[in-house]
Amino acid sequence: MSTLQRNRMLVIVCLALFMVMLDTLVLGVALPSIQNSFNAGLADLEWFTNGYTLTFAVLLIPLGMLGERFGRKRVFLLGIAVFTLGSLASALSTHAIGLTLARAIQGVGGAAIAPISLTLVSAAFPPKFRAAAIGIVSGVSGLGLAMGPLVGGLIVNGSPWQTIFWINVPIGALAVAFGWLWLRESKGVEKRLDLIGLLLIAASLLGIVFGLVRGNEAGWGAFEVWGPLAGGLALLPVFIAWEWRHPHPLLSLGLFKNRDYSALIAAGFWLNAGIFGAIFLLTLFLQQGQGYSALGAGVREMAWTGATMVAAPLAGLFIGRLGTRRVLLTGLLLQVAALCLFAILIAVNGAVFSFAYLAPAMVLAGLGMGLSLTPLSEGVLSAVHEASSGEASGVSNATRELGGVFGIAIGSLIFRQGGQVATPDQFGSHLIPVLYVYAGMLGAAFITTLLFYKRSRKAASESGNALPASAAVE
């Protein structure tokens, strides 16, 4: 593949991921406007978010595998088209049920885009350039995160809420058009479709994610929560047993014998659990604790997400000099320090204090996040052969998505244990223990990486991710 072809592929991947990441945080600050438009209840607001989360988390692994079998380009572009159509349907929705269904369609598209995008990058770039390319992709993803709260804030302050979905339509159309012209088709190892394995893992993830997202609202003792959660967890060993016995398994469970791969999968779970849970509650803190408007909160939150956007591409350069392990450990440590600093600031000053005190902690967290996301993705892909990169990316993304859902659920549960929130200071006091729990989750990611991930810079630079003869490039 020529340099021009690689760069074109990188543009398409960045466009698609920017669109998906923009929607990650944009909806939260726009929910009040949507609520007023539909006269929606709290349950409706919950499902505007959960409708996307469910389909996205459940289909990450299956769609990543389908891309390996039927062609990465085909499934990737189909994912962009579905996400774009879901955005269009969301913008045109006239009632709450319609918006929830449209958001679920977006989740289907996003589940195809996320794992295959990194597979395309891994397959296109040789090892010495791969970390830098993943850094660029992570930086653009950070830009999408950074723009999310700002765009949401602008919408709340005058623009119609439909704007958050209309933005995706031209971006998605351009990505599909140029992707069809510029991307080359490639596949993983040819093997039969394990339909039963596909259904088992999808059903397991559906039960687990549904139980986690419903736990705080419906109550953890409710059957609609513990029933699906227990069912999903019970299906996991069934899925593993089926995969071990199947001659053509959906997932190569032997990959988990690789200590580096397993360590990064576990670290990714704890990373997302800690940091995305913290982002969720700190966004609320800026508005309900410190009294900023949605736009004011969005602008200030760019101190965090903007730092992520800057640090992620730099992480790709640092990996070549310092190695994946050192960069990842540094990023995790910075985030632990930032969350502890958040908690100390609130404990000392109460909820209301100058943003000048909060900004350094936000920048520190953003730098740590950018220095973590790039080496985590690069490390997972470098630990496996190229033919297994789609599978590895799908498992990594699904595990991290589960981590994010788990973190928000646990953090919200701890936050609510403090009782009713009537004042900003009460909000702050409830938030302090949650921040320490999130710091502990990031600490778990740090310890896992420190003890079990041993990949050296030399090993990373020399791993060619050799492509077996059974993997085809057309």
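Helix α3 (residues 72–92) packs against helix α7 (residues 168–182) at an angle of about 160 degrees, with the two axes 9 Å apart. Here, axes are lines fitted to C-alpha atoms, for helices over the stretch in contact, and angles run from 0 to 180 degrees between N-to-C directions; helices are DSSP runs of H or I with at least four residues, numbered from the N terminus. This is a predicted model, so local features need pLDDT of at least 70 and side-chain atom pairs count only at pLDDT 80 or more, while totals for chains, interfaces and linings use all residues. Residues are numbered from 1 along each chain as its sequence is written, and side-chain values use heavy atoms, with hydrogens and water left out.

Given that angle, α3 and α7 are roughly antiparallel, a label for angles over 145 degrees. Their crossing is left-handed, meaning that the near helix is turned anticlockwise from the far one by less than a right angle. On the α3 side, the residues that meet α7 include Phe-83, Thr-84 and Ser-87. The contact residues comprise 10 nonpolar, 5 polar and 1 charged, where Ala, Val, Leu, Ile, Met, Phe, Trp, Tyr, Cys and Pro count as nonpolar, Asp, Glu, Lys and Arg as charged, and the others, Gly among them, as polar.

Let's look at one residue of this pair. Asn-168 belongs to α7 and is buried, with a relative accessible area of 0% (buried means under 20%, exposed over 50%, partly exposed in between, with a 1.4 Å probe and protein chains only). Setting aside neighbours within four places in sequence, Asn-168 is in contact (heavy atoms within 4.5 Å) with Met-19, Leu-22, Asp-23, Phe-83, Thr-84, Ser-87 and Gln-106.

Helix α12 (residues 324–349) and helix α13 (residues 355–382) pack at about 150 degrees, their axes 7 Å apart, which makes them roughly antiparallel. α12 also passes α13 in a left-handed crossing, and the residues of their contact divide into 19 nonpolar, 7 polar and 1 charged.

Key. Helix = DSSP H or I, 4+ residues; strand = E, 2+ residues; numbered from the N terminus. Parallel < 35°, antiparallel > 145°, perpendicular 65-115°, else oblique.
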